[in-house]
Protein chains: 2
Amino acid sequence: MALLLKTEKIPRAAIQRLAVYLQSLERMLRDGAALVSSEMLAQACDVNASQIRKDLTYFGEFGVRGVGYNIHDLISSIKKSLSIDKPWNCALAGVGNLGRALLNYREFRQRQYNIIAAFDCDPLKIGQRVGGLEILHTRQLAEYIAEKKIQIGIISTPPESAQTVADHMAEAGIKGIMNYASAHIFTPDNIFVERVDFFNHLYALSFNISQSEEKTV
Amino acid sequence: MALLLKTEKIPRAAIQRLAVYLQSLERMLRDGAALVSSEMLAQACDVNASQIRKDLTYFGEFGVRGVGYNIHDLISSIKKSLSIDKPWNCALAGVGNLGRALLNYREFRQRQYNIIAAFDCDPLKIGQRVGGLEILHTRQLAEYIAEKKIQIGIISTPPESAQTVADHMAEAGIKGIMNYASAHIFTPDNIFVERVDFFNHLYALSFNISQSEEKTV
């Protein structure tokens with residue numbers, strides 16, 4: 001069994017890589033594999049093998065030399081170390097196009113991120129059903145979060161509403177926020193925020209493409 | 001005028017911060033401001049001021065001590081240095097919920113990322129209009145990309161189709177890919193890929209929340 005080094009801090013970049021390993025490992029398990037070497041996993045994830053071996057030491061080594069890692073155990077260990085081996089309750093605010101897509105995104109539920117409530121302030125949307133949920137009025141958000149002990153808030157509102165929604169979530173005792181709105185939100189220090197910004201990625205693409213074109217001209 | 005140091009490599013993390021500065025600066029300009037100090041910008045972006053001053057040196061300093069930066073010039077310089085001062089042609093493959101949301105996301109066009117074609121392989125979707133575009137069959141994708149000189153491909157297919165679509169895009173001469181599918185894609189070295197993975201963010205949230213709860217127990 002893997003020894004989970006709870007006290008050690010896993011760096012941000014390693015968490016991202018663990019998420020990638022996890023997806024590859026789950027695919028291998030579905031395909032019927034039982035064991036994987038760091039080289040095989042490296043190839044599947046497009047990372048180098050020594051990076052993988054290093055990352056896996058964050059929660060204790062348990063690969064066997066010449067044999068490899070037990071895929072099932074490795075998946076369990078990664079999930080446990082990231083605390084994604086249990087369900088998380090989420091609430092979403094802002095049922096526009098993106099909000100609808102997120103509410104219908106089956107992979108959230110498959111990975112135990114259960115969106116159990118959806119909020120909007122548009123009277124025309126209140127009462128509609130999206131992804132199996134009835135849309136509630138945003139004014140019910142704070143009470144709902146507190147009552148149902150919702151841990152993660154998902155903000156998919158227009159940018160100008162994001163801060164107000166974040167404030168309500170913070171007051172209601174939310175633990176973390178996924179911010180899809182294209183606006184920076186301020187929260188108390190004890191609330192974790194992850195910003196999903198499509199433009200960071202697009203800007204990085206544009207920049208890299210332009211740089212490489214300059215080199216080849 | 002800002003001096004753009006084209007030869008200098010801007011690190012990935014700095015590009016992300018520049019994107020954040022840009023959004024704050026654009027808001028300030030809309031609100032009628034003309035000048036900004038690094039301290040004001042730092043507060044608006046929740047970054048420290050020395051970090052901002054350092055990042056802005058990537059394309060030459062031009063703040064005036066005691067006066068600050070000209071917001072309009074700063075926006076132009078950031079846009080120019082990231083090569084986002086010109087339009088980019090994009091094509092999207094996979095018109096599910098997320099694809100629909102992306103096609104209807106006005107901010108792409110506002111920021112000159114013009115999605116000019118959308119593809120799907122579902123016969124029921126071909127010919128439908130989403131976000132002003134008629135959905136074309138995926139088999140037309142490669143020809144269309146080559147003919148219209150599309151630079152950026154957006155993949156919002158189910159994970160199992162992502163690699164095939166990426167292969168078609170690569171063959172057709174795409175320069176970069178935004179991959180929203182929850183699967184790793186392999187491409188030739190000269191094609192840049194940005195993976196937008198919601199689970200990286202969710203896993204980081206879960207991990208951070210759990211770590212902080214352990215500390216407080």
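Two residues are in contact if their C-beta atoms, placed from the backbone, lie within 7 Å, and by this rule 52 residues of chain A are in contact with 52 residues of chain B. The model is predicted, so that local features need pLDDT of at least 70 and side-chain atom pairs count only at pLDDT 80 or more, while totals for chains, interfaces and linings use all residues. Residues are numbered from 1 along each chain as its sequence is written, and chains are lettered from A and ligands numbered from 1 in the order in which they are written.

**The side of chain A that touches chain B**

- Helices (H or I, at least four residues) and strands (E, at least two) are DSSP runs, numbered from the N terminus; among those of chain A, α1 (12-30), α5 (97-103), β8 (176-179), β9 (192-195) and α9 (198-216) each supply at least two residues of this side.
- The most comes from α9(A), which gives 15 residues.
- By residue class, this side divides into 25 nonpolar, 17 polar and 10 charged residues, where Ala, Val, Leu, Ile, Met, Phe, Trp, Tyr, Cys and Pro count as nonpolar, Asp, Glu, Lys and Arg as charged, and the others, Gly among them, as polar.

**The sheet of chain A**

- Seven strands of chain A form an open sheet with mixed pairing, in the order β5-β6-β4-β3-β7-β8-β9, and two strands pair if DSSP finds at least two bridges between them.
- At the edges are β5 (129-130) and β9 of chain A, each of which pairs on one side only.
- Strands β4 (residues 113-120) and β6 (residues 133-137) of chain A run parallel and are joined by three bridges; A:A118 has A:I135 in β6(A) as its bridge partner.
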